[in-house]
Amino acid sequence: MNTFSESALAAGRMLVSADPVLWAIVGRSLWVSACSCVAACGFGLLAGAWIGVSRFPGRSVVLTLLNTLLALPSVVVGLVVYLLLSNSGPLGFLGWLFSFKAMVIAQALLVLPVVTALTRQVVEDAERAHGEQLRSLGATPLRRALLLMWDERYSLFTVLIAAFGRAVSEVGAVMVVGGNIDGFTRVMTTAIALETSKGDLPLALALGGLLLLVVLALNLAIALLRGWRERVDGAATPALASRLA
Amino acid sequence: MTRRNDTPLFRLHDAGVRFGDVQALRDVTLDIHAGERVALVGANGSGKSTLLRLLHGLLPAAQGSLTSLAPARTQAMLFQRPHMIRASALSNVALGLWLRGMRWRDAKAHALDALARVGLDQVARRNARTLSGGQQQRLALARAWALSPAVLLLDEPTASLDPHAKRDVEALIGDVADGRTLVFASHNLGQVKRLATRVIYLEYGRVLADLPVRDFFEGALPKEAMLFVKGELA
């Protein structure tokens, strides 16, 4: 047997035997990503919807910046959060560096542009198509933003799932601000990087397999959501949701 | 049917609207009085929808002026393809009332009355998006009627409907518009004859004829308008 097949077998055994180390890492990883998505979505959905319906001087600059931030390297986010939270940084007094909270902040900053930019696109498309009718009913820009968010909620669920996918699969930022401390800040991606460098391929492979399963489950969720939505109201899936799926 | 006052509800003076390089309306001068039923006719792109949107305050006049005694909140506009939010028929009607300041609970009670008025009370809880085109147009009429508007603006309200639904919706329009000022765009000259008291013919954004309905169909018309009428009736 070669290294890959031996490692794959060992990884399978770890998964079947419900290895506590493995599952602790998986649980922590999912929890960090969920918390960061909740934090990012709280602001990103509202900001994106607002930008989608409003017109203000400098809007095109904001959009360019937002689209640029979509390609934000995760290690850069990690570095910025590290500098902010380090002892000599402005937020050093919090003592959050190398903690769960630091990882949540870093991932939230990483997915915030994703949520904001995609929400802006969804809401702006809806505004272009239906905003005039809502204005005719007397809806102010804020109410239009909220109504269009509600109306496009299935597309926005897709955005949230995509954001979660981005968060759970990133490695650079959580490595820098979390420190990959065993039993404390070690998550799937940082564990894979570490175990691979140590040569412990079975654990790395088992985690890699689980990460793939998580991403697969997310894509499956998007597909199910699309199918269910089409059954419920017979509406065509917007182009954005199709692209993300 | 027509109750005409001396002070016009809308007064347009040399009004114009531009979309980039396109002059959608130009030099439009007309008065619309309370209680009138005005039909806007003309080919596609003649400026009918633009004129409705200008009257409703959805577009500003780039040239000339619009003086309106009917603020936007006393108007309701029905679009060719009404947009229903992804919610029940009842919520869609209540939404219009809520947006104009009514409490949600009261809005729903009023909405139920409006749905009964257009014969949709049986589908009040159904997802509005699953209703047929004709039902959605009736729902939009209920939403407009619920607002108790003084002015009803309709943009080709039956254009995308089958003949049966067209008849239903047209009858409802006649009913709902009773006692209100009605301005509607239509390609259907039969409908214009049945609903309107005055016809405005537009071409390339200009008003070429503005006549009482009988004169429009029986009197002398500018050549372009005559060709349009013959073409639509053919």
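In the predicted model, 44% of the 245 residues of chain A count as buried. The C-alpha atoms of chain A fill a box of roughly 70 × 50 × 25 Å along the principal axes. Chain A holds eleven helices and zero strands. Contacts in chain A were considered between residues at least 6 apart in sequence. Of these, 77% join residues at least 24 apart.

Chain B contains an open sheet of six strands. The strand order is E5-E6-E7-E3-E8-E9, and the pairing is mixed. Strands E5 (75-78) and E9 (206-212) of chain B stand at the edges. Each has a single partner strand, so one side of each is left without a neighbour in the sheet. Neighbouring strands of this sheet are turned by 15° against each other on average, direction ignored.

Strands of a sheet pair through backbone hydrogen bonds, in either a parallel or an antiparallel manner.

The contact takes 16 residues from chain B and 16 residues from chain A. On the side of chain B that touches chain A, helix H2 (residues 89-99) of chain B gives the most, with three residues. The residues of that side divide into seven nonpolar, five polar and four charged.

Note on methods:
Residues numbered from 1 in each chain as written. Chains lettered and ligands numbered in written order. Predicted model: local features only at pLDDT ≥ 70, side-chain atom pairs only at ≥ 80, totals over all residues. Pairing = 2+ DSSP bridges. Helix = DSSP H or I, 4+ residues; strand = E, 2+ residues; numbered from the N terminus. Axes fitted to C-alpha atoms, helices over the stretch in contact; angles between N-to-C directions. Contact = placed C-beta atoms within 7 Å. Nonpolar A, V, L, I, M, F, W, Y, C, P; charged D, E, K, R; others polar. Buried ≥ 20, exposed ≤ 12 C-beta atoms within 10 Å, placed from the backbone.
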